[in-house]
Amino acid sequence: MSHLSRVPDPEHTFRVLYEVIYPDVLRFVQRRAHPDHAEDVAADAFLVVWRRLDEVPRIHEDARAWIFGIARNILLNAHRGEQRRQALGVRLADATTRLHLDEDTHAVMSRVDLSRAWRLLSEVHQEALGLTVFEDLTAPQAAAVLGISPVAYRLRVSRARRALRLHLEHLPEPAGTPTASLGRTTTP
């Protein structure tokens, strides 16, 4: 963990924050919003950072999580009224449209199954898992992003993992999948 230096010059402090954390914030937003809007949301987040510069946590990882929380709130405000799942869902590559199914390739099928199971998760579960898996945040940092306690976050992640596992175990067959013949076979 590194500490952000505090110098008397707020402009210098902001520049350091921007140079170090902006790429992470942009990726954070790109996973949750349309790519065309990601830079705007990240810029808005740093506008809030500039206005609240005295409130930025001194420890780098905490500052990163704090700014993620700001970006998340901006996303929520921007997408209010839209389908919430669409706004908050972590975007995974749509393997079903990009890949040609190769029934002999277990890795491809696993990815497709994971993508399908992910889409069956609630937005709350997607967000909880996404903060841990994609953003690499600790439980206290992810809890700060969501505005909940670390205990509540850990419980949410546990439930999300369980739900994902259940979806993976009980996925329906995709349309167009060849099924084994259950009928009688005749021998000539």
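Contact here means heavy atoms within 4.5 Å. The model is predicted, so local features need pLDDT of at least 70 and side-chain atom pairs count only at pLDDT 80 or more, while totals for chains, interfaces and linings use all residues. Residues are numbered from 1 along each chain as its sequence is written, and side-chain values use heavy atoms, with hydrogens and water left out.

**Stop 1: Val 25.** Select Val 25 and display its surroundings. Setting aside neighbours within four places in sequence, Val 25 has contacts with Ala 42, Phe 46, Ile 67, Phe 68 and Ala 71.

**Stop 2: the core.** A nonpolar core is a set of buried Ala, Val, Leu, Ile, Met, Phe, Trp, Tyr and Cys residues joined through side-chain atoms within 4.5 Å. Buried means under 20% relative accessible area, exposed means over 50%, and partly exposed falls in between (1.4 Å probe, protein chains only). The largest such core has 44 residues, and those with the most contacts inside it are Val 25, Val 29, Phe 46, Val 49, Leu 131 and Tyr 153. Next, colour the helices that supply at least two residues each: helix 1 (10-30), helix 2 (35-51), helix 3 (60-78), helix 6 (106-120), helix 7 (123-133), helix 8 (139-146) and helix 9 (150-169). Helix 3 gives the most, with 9 residues. Helices are DSSP runs (H or I, at least four residues), numbered from the N terminus.

**Stop 3: Tyr 153.** Move to helix 9 and select Tyr 153. Its relative accessible area is 2%, so Tyr 153 is buried. Beyond four places in sequence, Tyr 153 is in contact with Ala 128, Leu 131, Thr 132, Ala 139, Ala 142, Ala 143, Leu 146 and Ile 148. For one of these, Ala 142, the C-alpha distance to Tyr 153 is 7.3 Å at 11 residues apart in sequence.

Now show the polar atoms. A polar contact is a pair of N or O atoms within 3.5 Å; within protein, one must be able to donate a hydrogen and the other to accept it, and residues adjacent in sequence count only if both atoms are side-chain atoms. The side chains of Tyr 153 and Thr 132 make such a contact at 2.4 Å. A polar side-chain atom of Tyr 153 also lies 2.7 Å from the backbone oxygen of Ala 128.

**Stop 4: helix 7.** Select helix 7, where 8 of the 11 residues are buried. These are Glu 123, His 125, Gln 126, Glu 127, Ala 128, Leu 129, Gly 130 and Leu 131.

**Stop 5: Leu 168.** Return to helix 9 and select Leu 168. Leu 168 counts as partly exposed because its relative accessibility is 38%. With neighbours within four places left aside, Leu 168 has contacts with Asp 113, Leu 114 and Ala 117.
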